[in-house]
Amino acid sequence: MEIVKLNVNGCVREIPVEHNWTLLRALREGLGLTGTKCGCETGDCGACMVIIDGEAVRESARRLREEAEA
Ligand code: FES
């Protein structure tokens, strides 16, 4: 378990996450933001879409580590 900082809707939040969590899981389980849905988990359906730096991203397949390094 590690602590990551996420800027969500303009607020920086620190949350504990497992090393293999996706952004979707951190949003839903770590922050309780269940508006982001889990669908196919393969990047096909768009249910998990979020806006990152102004771009719509189907993020379920993205690990938090990838986000931190982007
Ligand atoms: S859950 Fe289907 S694209 Fe993310």
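Reply: Let's begin with confidence: its mean is lowest in helix H2 (residues 64-69), at 62, and highest in S2, at 94. The score behind these values is pLDDT, the predictor's confidence in each residue, from 0 to 100. Helices (H or I, at least four residues) and strands (E, at least two) are DSSP runs, numbered from the N terminus. This is a predicted model, in which local features need pLDDT of at least 70 and side-chain atom pairs count only at pLDDT 80 or more, while totals for chains, interfaces and linings use all residues. Residues are numbered from 1 along each chain as its sequence is written.

Me: What is the mean pLDDT of the protein?

Reply: The mean is 86, and 89% of the residues reach 70 or more. Where pLDDT is low, the predicted coordinates should not be read in detail.

Me: What pattern does the protein follow along the sequence?

Reply: The pattern is β-β-α-β-β-α, and the secondary structure comes to two helices and four strands.

Me: Why is Asn9 called exposed?

Reply: Here we need the cut-offs: a residue is buried if 20 or more other C-beta atoms lie within 10 Å of its own, exposed if 12 or fewer, and partly exposed in between, with C-beta atoms placed from the backbone. Asn9 has 7 C-beta neighbours inside 10 Å, so it counts as exposed. Asn9 lies in the loop between strand S1 (2-8) and strand S2 (11-17). Its phi is near 55°, a positive value in a residue other than glycine.

Me: What makes Asn7 exposed?

Reply: Asn7 has 9 C-beta neighbours inside 10 Å, and therefore counts as exposed. Asn7 is placed in strand S1. Along the sequence, Asn7 and Ile52 are 45 residues apart, yet in space they are 9.9 Å apart, C-alpha to C-alpha.

Me: Which residues of H1 are buried?

Reply: In H1, the buried residues are Leu23, Leu24, Ala26, Leu27 and Gly30. After H1 comes Gly32, which has a positive phi near 70°. Across the protein, buried residues make up 17% of the 70 residues.

Me: Which residues form the largest nonpolar core, and what makes a set of residues a core?

Reply: A nonpolar core is a set of buried Ala, Val, Leu, Ile, Met, Phe, Trp, Tyr and Cys residues joined through C-beta atoms within 7 Å. The largest one here has eight residues: Val17, Trp21, Leu23, Leu24, Ala26, Leu27, Cys48 and Leu64. Helix H1 (residues 23-30) gives the most to this core, with four residues. In soluble globular proteins, nonpolar side chains tend to be buried together.

Me: Which residues does Ala26 touch?

Reply: Two residues are in contact if their C-beta atoms, placed from the backbone, lie within 7 Å. Leaving aside residues up to four places away in sequence, Ala26 touches Leu6, Ile15, Val17, Trp21, Leu31 and Leu64.

Me: How do you know that S3 and S4 pair?

Reply: Two strands pair if DSSP finds at least two bridges between them. Four bridges join strand S3 (residues 49-52) to strand S4 (residues 55-58), so they pair, and the two run antiparallel. In S4, Ala56 is the bridge partner of Ile51.

Me: Why is Asp53 called exposed?

Reply: Asp53 has 6 C-beta neighbours inside 10 Å, so it counts as exposed. Asp53 sits in the loop between S3 and S4. Although Asp53 is not a glycine, its phi is positive, at about 50°.
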